[in-house]
Amino acid sequence: MTELETFKQEVAQWLEQNCPASMRRPIVAEEMVWGSSKLQFQNEDQKLWFERMRDRGWFAPGWPREYGGGGLSPKEARVLETEMARLGCRQPQYNLGVWMLGPVLVEVGTHEQKLEHLLPMMRGEQRWCQGFSEPNAGSDLASLKTSARRVTDEQGEAYIVNGGKIWTSDGDKGDWMYALVRTDSSAKKQDGISFLLIDMKSPGVTVKPIELISGKSSFCQVFFDDVRVPVRQLVGKEGEGWALAKKLLQHERAAMSKFTEGGAPSHDALKTALPYMVDEQGSVVEPALRDRLAAVLMDAQAFALTHRRVTEKALARQDVSGPSSIMKLVQTEQEVAKYELLEQAMGLRGLGWEGEDFSADELDVCRAWLRSKSYTIAGGSSEVQLNIIAKRVLELP
Ligand SMILES: Cc1cc2nc3c(=O)[nH]c(=O)nc-3n(C[C@H](O)[C@H](O)[C@H](O)COP(=O)(O)OP(=O)(O)OC[C@H]3O[C@@H](n4cnc5c(N)ncnc54)[C@H](O)[C@@H]3O)c2cc1C
């Protein structure tokens, strides 16, 4: 038996013994455990699973042990990921810091930044939010205007930040924000941008939740009013923010697979919708529905295999910037197609928003259907992904 096979056996055994049965069911948004200074668990199983994975450094299995990671080789990290998927283990911690900022810091952060930020992420003690979009800088992100002026005074060297961000998911719950700011307004727009880490408790930061039509929202608008950010919180060099943001967005697009299922109807969603599609013998009789269901299932299978191939490449440190845009586009559009199909099959039963007339599963399908559309916008809209693929992957004029 090779070393990797022995490792696989040990991992499988450890997961069997340590991942509680309730942590092997598909996750719903309300049950996600977000790493935070206000860390909360809904039950003992969540806490156990979180603590056991944390203690092994398996929130980020491939990061160096020095910074709280698991120190696994790329192949070992892949084995762990595959075994977790095989056993249906949930992510023990949800954290934009770990998934998006962390890999960038591991690559370009200073030793002090790694100690200050990676270790708390690995203990699940810091919640991060993303401060990229601005009211007139979404798809055209490089037009952002939030300014950061470098000063040296009796308190030392710092940036004074003014302006604001919008669509900041969970900005009201964030302990820290990684943000793009303009440090040079005379340079070409991409060149004048820098990447700053901002403590959300700093004086001058105001966060206002944005109310949406559903009455609920995780979106916030964040205002900066002469916010002082020490220079040690600059990631990379001044003016390098655009290149770092592009790196980070690749991780964001990959991380979105942790929220969506890659187009495959989850066991629960399909179970809810199937009774509306089949006859007494369990066959899907309506030909058009059967065709669409088959297409959704085949696309999901093709996506899963492609995802696996791209993950292997990423673990082998090959450039996956092209595929990550394609994966994000395909995955989120497949997710929409899947829920459109479930909705069509369920008819009015799939449109319940609240109330006892609908089962909890029916309500879940409706909310997931609405949420699926937002993933085609978050992290760069589908149209923008198509532009990126055309220019950078296909090298079209
Ligand atoms: C669920 C969700 C979570 C989000 N979380 C965050 C967050 O935490 N932090 C953050 O900074 N931002 C966040 N965003 C914002 C997101 O990044 C932007 O919404 C997205 O980049 C689009 O920008 P916009 O909303 O300004 O739309 P616009 O850029 O105004 O686009 C409007 C429409 O025009 C199309 N369009 C724009 N430019 C082109 C073009 N060149 N060619 C073809 N079509 C084009 C777009 O596809 C879209 O359909 C989130 C968004 C969503 C939906």
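Domain bounds here come from an automatic or database domain assignment. By that assignment, the protein is divided into domain 1 (3-94), domain 2 (128-239) and domain 3 (260-393). The C-alpha centres of domain 1 and domain 2 lie 32 Å apart. Please keep in mind that this is a predicted model, in which local features need pLDDT of at least 70 and side-chain atom pairs count only at pLDDT 80 or more, while totals for chains, interfaces and linings use all residues. Residues are numbered from 1 along each chain as its sequence is written, and side-chain values use heavy atoms, leaving out hydrogens and water.

Let's look at helix α2, residues 44-56 (helices are DSSP runs of H or I with at least four residues, numbered from the N terminus). After α2 comes Gly57, whose phi is positive, near 75°.

Which residues of α2 are buried? They are Gln46, Trp49, Phe50 and Met53 (buried means under 20% relative accessible area, exposed over 50%, with a 1.4 Å probe and protein chains only). These residues sit on the same side of α2 because they cover an arc of only 100° around the axis, taken from the directions from the helix axis to the C-beta atoms. The face turned away from that buried side carries the exposed residues Glu44 and Asp55.

Now to the ligand. Of the 16 residues around the ligand, Ser133, Ser139, Ser169, Ser381 and Glu383 come nearest (a residue counts if one of its heavy atoms lies within 4 Å).

How values were computed
Helix = DSSP H or I, 4+ residues; strand = E, 2+ residues; numbered from the N terminus. Expected span 1.5 Å × (residues − 1).
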